[in-house]
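User: Hi! Could you walk me through this structure?
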Amino acid sequence: MISIERSLVTPRWQRIALPIASLFIASIIAGIVLAVSGHDPIGTYQQIYDASFTSAGALTATFVYATPLLFTGLAVALAFRMRVWNIGGEGQLYMGAVGASGVGLLLGGWPQPLLILMMMLGGALAGLLWAMIPGLLRAYLRTNEILVSLMLNYVAGLFMYYLIYDSTSYWRDTTSASALVFPQGKDLLPAADWPGIVFGSFTMPFGFIAGGVFAVALLALIRFTRFGFEMRVMGDSSAAANYAGMRTRRTIVTVMALSGAMAGLGGASQIGDFGHVLDPRGLQQAGYGYTGIVVAALAMYNPLAVVIVSILIGALTNAGFALQGPTFPIGLVGTMEGIILFSVLGGEFLGRYRIRFGRAPEPAPSVDDEAGAEVAR
Amino acid sequence: MNVDVVVSVAVSAIAYGTPLVLAGLGELLAERSGVLNLGVEGMMLIGAVTAFFASQVLPGPGWAVLIAAIVAAAAAGAALALIHAFLSITVRVNQIVSGLALTIFAGTIGLSSYAGHVWGVGGQHGLHQLVKLDVLGLSGVPIVGPILFNQDAFVYASWGLVALVTYYLYRTRFGLYLRAVGESPRSADAMGINVSRYRYVHTIVGGAFAGLGGAYFTLAIAPIWTDGLTAGAGWIAIALVIFAFWRPGLLVVGAYLFGALSSLGFTLQANGVQLPSELFSSLPYVMTVVVLAVASTTMAQRRIGAPAALGVPYVREEG
Amino acid sequence: MDSRADRVSAASAESATAGSPPAVAAVGVTKRFAGGVVANDRVSFEARQGEVHALLGENGAGKTTLCNILTGLYRPDEGEVRVNGNPVRLHSPHEAQAAGIFMVHQHLSLVDSLTVAENVVLGWSRHGGLGFSARTVEAEIEEIASRYQMAVDPRARIWQLSLGERQRVDILKALYRGASILILDEPTTVLTPSEIEQLFSSVREMVAGGRTVIFISHKLPEVFAIADRTTILRRGRSMSTLEIAETDARQLARLMVGHEMSFDVHPRATSVESEPAPAVPPVLALDGVHVRGDFGIDALKDLSLAISAGEILGIAGVSGNGQRELAEVVAGLRPFSRGTIRIGGENVVSGDPRDAINRGVANIPEDRMGTGVSPNLSVAENLILKSYRSSSPHAGPMLLMRQAEAQATALMARFDIRAPSPRTLVRQLSGGNVQKVVLARELSSGPRLVIAASPTRGLDVGATEYVRSVLVDAAKQGAAIMLISEDLDEIVELSDRIAVLYEGRVVGVVDAATASYEQLGLMMAGATS
């Protein structure tokens, strides 16, 4: 008799081999989809690789797409580890964009380093405050943060929309010629442009570098600080955390705040690194907040892995838009991303179990630790 | 205020609200079983493109083609939901991640767009559209006529579905069992109810309904297909279910309210009222947050809260 | 309550219908579990039609396992179950229910947000078919309820009901589905005295109609009030079946806890010489403490006890009499209302685990995997689960894991924790080693007071010995120990004094050296005069 039983121990090699194997399987499945619909798989993969990394300007463009995902991915990685389900990254990013552009417009005359710092602070603060709403409600009233943070995404979107399209707010451009035809935001002064670092053939946005620094900082926070320790215990077993005298409510609020700050920084980066203007439509279409959740999940909620995954997904998205045309449908991007996701998620499943031949022994003590296993790594 | 304006707002509310009703009903069923499905937008898009493609290529009389297209849309949505169900229920992946994966997979730059490209339907003009019916010849009746008696079959079907789902939930054994599964899967399991099966079935049916909602776009609202046609309707449907506190009756009200609000905003401004439409539009979300917060503190939660087991994978404890 | 005489004559009238097979019987039933545990050892038991039969026994006697077999949840390894004389094989609760056997568990499985009527038909309806007519079901429920003197509003939602009312719903569920044999598992735990009265009248109505009620209990007063006959289980064996009218509390208590002979002198007793009464205040002093339980009823009522430094106070009692809440309230994991708790003479903050920890309270919890450790963290991390807050060896906000791992290695050696390295995840350890991790963490900080709740449960012989010796050592070092255990032998062996908990109160405190099992058994079963 064959039975499937939980494997308690996931050897280290398996933890790395499994995602890689899943990626490989994903590329095969996607290849089949391509072939079936009349595209050449190998050729398509080559095109994608070229458009995302090697051709002129490709890498730079990849980083453009990767940067916001880095921030929103970090935001989610932080929160989900603690089993605080912050899906409000989208709205927190919007508010961060509002905050940063407001600061950028207001303090336009300041010296650049200070200006950039203030924009980052403005973005982080706006995202932080927006995330505190579901955070406080969850910590003190035990309200479901999934529902609240989701609702607030819509509110933030509407708020952004209102600022630019439906009011004469400070953010709105009311003077330039194009603005008279169609509502748009005020352009920030060139001083508010965040400098990118040029590495020979490509430019890395300041935001990405900052994000990378934050990734390292977050990892250090989680692994090496007392607060990170509390986070990890709470994410693993809230009963144990309570038993150990940890102040769980304060920790929840702090984590939500940090998460919101990260997402808000993503919004600030959109203003400072790229658009230099508050563009509600563009931000809403991009859906960086929601994609960030997926990025974090693929990265198994590890901040350093988020850096890598954000580049991968950014590369794929970049390739899609760059190659878009009659022979390369944009729909491939999402389809391939989806296949990758399903393969990796499904692969996790295989890694957790093993098949045993023979009769399974009588019930052993149950250790119900699915989420905990991934999260507390 | 001008009566004509009210009527036109109501009519457009129904037009805008019908896909929300359909997708919302589906999401309501899934969430009542405890499964949060954030992939609704993707399922609606798949439904829309499938319905459009089917209506373009299938031969036969109009009504037969439309029915076939609608069925195809439902099947497509259901197939997608099956993936989400498998990942969330059997593999026990985080439901948020699984649902979002599906939205990315099937969404604006995903499978729906890809299918549209492969099937070559972008830019085509739809051959078959649902027509507005004249029920009992009453469409000429002032005020009520255009609103109630001059809608297309899909709208009437959606009303029928609302009634059906309401009856199902509150007056049948299976609806009762469904509610138990969403509130307390452990108790339901102890009573011999197959929690997994209920979750699978209702998630898949939810996907089918979402597909139907998407089909309404290409078969009734406008006879074209473009990437991302539904423009966030799936997300609004998700919000609606929460706003309606998982009740079909409130869901319909909410769906039409959402529809009305968008036209209402412009209308108010045209009539000199200077409140921004976004304020109105954001009210339902803000209200929902407030009610959720209040509900979690009081006993009222038991009556109006989320299904207690929403989003939580069910593991049967051994021994 | 009826007089016993009335029921005796009724009982003999019943047995006059000789020749009719017992309603339900277990014949030579044996059930083993993984780890060599024999929960039922050739148990024979039978209950007649129309009688109330009490299943008596203390913790671990095998009562619940036996009933789980009768209700189809488990299959016996040996022996058989008979219904009305016919052997049956019950593979699931559904098959048992089809045979008319229903059990009302201690933990009710009702859906809070649904109504009584909806809960009763959940999973099964008399009518079949698609529709569910609330009104019809409600009428049926009202009819059953009034027949058996159970007042319940079928339209009420479960969250609105008291625990006693919820239990009634569970019983109604069984009756609605045609129960002829009803097993009640410790039903009075959650009831007020008047609700107990009502339950007993309902039970009498049920058996008057020919049903059989099996009443699992450890409380002698109730058994004498309601049962006709009783079977005593001890350590998985059936000891005896007696007519209630022909026995008394002492006999039953003796059968429950065993040990006809007086026990041997144990190590602790000899080492406790008559020392001069300490002038210092007791390490732990509870005075008139009330603690709310999980479902709104008081788990501890007007509880007072004290433990001195170097003393081991054993808390004896059948589980469910407030032991868990006692451990929690002293550890600060549960708030208390009324009364005071003093540690070292100072009042503690109610419901604040950190306050307790700061006052030197160590807690070895009953649920070691669920509460005592963070299973997916390493041994070293679990060892600093509480101490990470103090400044050494950590600096500021930073946690210096290297130091922690070095300390962990030392602790692992000292406490014989068998694990490949301090980085090993705790969930990969055996039960005994997990407990040693908890011990190492709790005891190495030199606590004033140690709460040990079922510390040796589920451990093998070697680990059990080790844990006991560590606790005794800690007492020798001057810690006050509150030992809560379901194993009476363990309590007797290790304690200086023994307090018996019954229904949330301390019903007696005895010197371990001079207490008898019979005396303890009587107290645990609530039969003190």
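Analyst: Happy to, and we can start with one chain and then look at some contacts. Keep in mind that this is a predicted model.

User: Thanks! How many helices and strands are there in chain B?
Analyst: Chain B has 14 helices and zero strands.

User: How compact is chain B?
Analyst: Its radius of gyration is 20 Å, close to the 20 Å that the globule rule gives for 319 residues, so chain B is as compact as a globular protein of that length. Along the principal axes, the C-alpha atoms of chain B fill a box of roughly 65 × 45 × 35 Å. Of the 319 residues in this chain, 55% count as buried.

User: New topic: how many residues of chain B are in contact with chain A?
Analyst: On the chain B side there are 44 residues, in contact with 46 residues of chain A.

User: Which element gives the largest share of the chain B side?
Analyst: That is α13(B), with twelve residues. By class, the chain B side divides into 24 nonpolar, 16 polar and four charged residues.

User: Now chain A. At what angle do the axes of α3 and α13 cross there?
Analyst: In chain A, the axes of helix α3 (residues 58-81) and helix α13 (residues 288-298) cross at roughly 60° and come within 7 Å. That angle makes α3(A) oblique to α13(A).

User: Which residues make the contact?
Analyst: Among them are P68(A), L69(A) and F80(A) of α3(A), and Y288(A), I293(A) and V295(A) of α13(A). By class, this contact has ten nonpolar, five polar and no charged residues.

User: Is the crossing left-handed or right-handed?
Analyst: α3(A) passes α13(A) in a right-handed crossing.

How values were computed
Residues are numbered from 1 along each chain as its sequence is written. Chains are lettered from A and ligands numbered from 1 in the order in which they are written. This is a predicted model: local features need pLDDT of at least 70, side-chain atom pairs count only at pLDDT 80 or more; totals for chains, interfaces and linings use all residues. Axes are lines fitted to C-alpha atoms, for helices over the stretch in contact, and angles run from 0 to 180 degrees between N-to-C directions. Helices (H or I, at least four residues) and strands (E, at least two) are DSSP runs, numbered from the N terminus. Angles under 35 degrees count as roughly parallel, over 145 as roughly antiparallel, 65 to 115 as roughly perpendicular and the rest as oblique. A crossing is left-handed if the near helix is turned anticlockwise from the far one by less than a right angle, and right-handed if clockwise. Two residues are in contact if their C-beta atoms, placed from the backbone, lie within 7 Å. Ala, Val, Leu, Ile, Met, Phe, Trp, Tyr, Cys and Pro count as nonpolar, Asp, Glu, Lys and Arg as charged, and the others, Gly among them, as polar. The radius of gyration is taken over C-alpha atoms; the globule rule is 2.2 Å times the number of residues to the power 0.38. A residue is buried if 20 or more other C-beta atoms lie within 10 Å of its own, exposed if 12 or fewer, and partly exposed in between; C-beta atoms are placed from the backbone.
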